[in-house]
Amino acid sequence: MVIPTPFQSQIYRSLPEIERADAIVDRITTAIRLGLLKVGERLPPEAALSEMFGVGGATLREALAELREQGVVETRRGRSGGTFVVTQPRPQTDSIREWFLSTSISEIRDIGDEQAAVAAAIIRLACERAEAHDVERLQELARALVLATSPEGRALADSRFHIELAVSAQSPRLANAEIRLQEETVQQLWTPIAAALDPEPATAEHLELVRAVAQDQPAKAGNLVLEHIRRNIYHLIDTKLTLGYARSNQDAP
Amino acid sequence: MNPDREVVQAAHALTLWFRGVSVEINHLSRNVASLLESSLAGRSTVNKGALVGLEELAHEFLTRNASAIGAGMFFATDSIDEGGRPREWWTREPDGALKRLDFDSTPGSRRYYDYEKLPFFSAAASTGEQTLWGPYVDYLGFEDYILTVSAPFWVRGRFMGVVGCDIRLRDLEPLIMPTLRLIHDNAALINASNRVILGNSGMYLVGERVRSESAHQHRLALDVPHLGLSLIYTTTT
């Protein structure tokens, strides 16, 4: 018999309706931040949305009302009506700070471990499978990072590059894993909340990765991507240490 | 070279903290042994009735030690009766309530928790001393990333099992990081197998093993009996 452990019962506990509405708001705002939904884009009709999210009409309407309140979407009546994305969500400095305070260093290191595993598989397959037009596209996406003018823009460009690298590897599952991992940390990576990350070396690393893919050098590309992730994880840990454990001589236990 | 004042100060604070845990675990071990001694009344194996009172001891432990997420005892297989429970373990729920943790103890089943083979049990059993195991992913047990401090207990000279407590790495971090941050060089608390428990920068990451012994890397053993803890730090000069 399989006995559910406390860990499992924690995962599978039933969701209160309010959490489900919040989860929808989170999904949609994150998707807009990552550029998966664009400003001007129309969301699917309400009936389709509630079916896809697996929630009742009331929960969905609650979520949409919250998104309207935040000014992220707008609902228009009439024949060409519907719910449209009208603006980029505001950067959530508070929630980013909260993430740093509530996520332990062992958890940040573990996120990096998973990113490294997924990225290593993606880069190996990209070397085998990417073709010339993928390479061109990746170069363009890599340059977009250094051209971005705001932390949100850098987060968007950075995550887009990594997701499209997975796309060039021809694996929908790995692309989905990469999307999930990017959603989890890319805002935190580029926030200037403690010390801002410099986009120039990151862009140079992305371009070097694309060159290794273009030249089908999986060993080199693999090392580059692991080094890239390690640097990002160090940056997250440094930010965590600065926000959570400022050095002083009075805070010994 | 002599360690800096800040290193000595940090080592001292860490030593005191872990000695505190160590004393508490010894205390639990003695309490469990004396309770069993009277409840067994000369029998050598534990039946269900003999378990009465253990819950109270574990609850008392968890109430006194807020940093522990779980505590209890595991019995050696040959010290339990047919129908007796091989382990008594309680964990702290997110709301603070204490709850009994169920393990699968059917050998051969998919989620069988073979605790007698796990170091927190086997090391305490074979050395007869307290031991610290972790950081480790406690798959099929508490299923989190934890440290376990455990100690054996005996009744009338016979080894009966181990008592112990779990500390989550995420709970330990805010307790000892301020101490590690007193040190301005890269520094880390490591266990007996050179695994990082917590470091004060990205150089030493929790769970990684410290391999290189460079001339700039120094080690200071913490004076906490049997736990195998050391503080390492790197100097640039």
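How many bridges join β5(B) to β6(B)? Ten bridges join these two strands, which run antiparallel. Here helices (H or I, at least four residues) and strands (E, at least two) are DSSP runs numbered from the N terminus, and two strands pair if DSSP finds at least two bridges between them. Please keep in mind that this is a predicted model, in which local features need pLDDT of at least 70 and side-chain atom pairs count only at pLDDT 80 or more, while totals for chains, interfaces and linings use all residues. Residues are numbered from 1 along each chain as its sequence is written, and chains are lettered from A and ligands numbered from 1 in the order in which they are written.

**The six-stranded sheet of chain B**

- Six strands of chain B make an open sheet in the order β3-β2-β1-β6-β5-β4, with antiparallel pairing.
- At its edges are β3 (98-100) and β4 (131-137) of chain B, each of which pairs on one side only.
- From one strand to the next, the twist averages 25°; axes are lines fitted to C-alpha atoms (for helices over the stretch in contact), and angles run from 0 to 180 degrees between N-to-C directions.
- Strand β2 (residues 87-92) of chain B pairs with β3(B) in the antiparallel sense over three bridges, and Arg92(B) has Leu98(B) as its bridge partner in β3(B).
- β4(B) and β5(B) are also antiparallel, pairing over five bridges; Trp133(B) has Thr148(B) as its bridge partner in β5(B).
- β5(B) is mostly covered, with ten of its eleven residues buried; a residue is buried if 20 or more other C-beta atoms lie within 10 Å of its own, exposed if 12 or fewer, and partly exposed in between, with C-beta atoms placed from the backbone.
- Helix α4 (residues 169-180) of chain B lies across β4, β5 (145-155) and β6 (158-168) of chain B and runs at about 70° to β6(B); contact here takes C-beta atoms, placed from the backbone, within 7 Å.

**The four-stranded sheet of chain B**

- A further open sheet has the order β8-β7-β10-β9 (chain B), and its pairing is antiparallel.
- Its edge strands are β8 (196-199) and β9 (217-221) of chain B, each pairing on one side only.
- Strand β7 (residues 187-190) of chain B pairs with strand β10 (residues 230-234) of chain B over four bridges in the antiparallel sense, and Ala187(B) has Tyr233(B) as its bridge partner in β10(B).
- Helix α1 (residues 5-40) of chain B lies across β7, β9 and β10 of chain B, at about 155° to β10(B).
- α4(B) packs on this sheet too, touching β7 and β8 of chain B, and its direction makes about 60° with that of β8(B).

**Backbone details to look at in chain B**

- Gly134(B) and Pro135(B) are joined by a cis peptide bond with omega about 5°; Pro135(B) sits in strand β4 of chain B.
- The hairpin of β5(B) and β6(B) has two residues between the strands, and Arg156(B) there takes a positive phi near 50°.
- Ala41(B), in the loop between α1 and α2 (54-64) of chain B, has a positive phi near 45°. Ala41(B) is exposed, with 8 other C-beta atoms within 10 Å.
- Glu143(B), in the loop between β4 and β5 of chain B, has a positive phi near 60°. Glu143(B) counts as partly exposed, with 15 C-beta neighbours inside 10 Å.

- Chain A has eleven helices and two strands, and 33% of its 253 residues count as buried.
- The C-alpha trace of chain A spans about 55 × 55 × 50 Å along its principal axes.
- An automatic or database domain assignment gives the bounds of domain 1 (6-85) and domain 2 (93-244) of chain A. The C-alpha centres of these domains lie 26 Å apart.
- Contact between the two domains takes four residues from domain 1 of chain A and eight residues from domain 2 of chain A.
- Contact between the chains takes 20 residues from chain A and 25 residues from chain B. On the chain A side, α1 (6-11), α6 (105-129) and α11 (218-244) each supply at least two residues.
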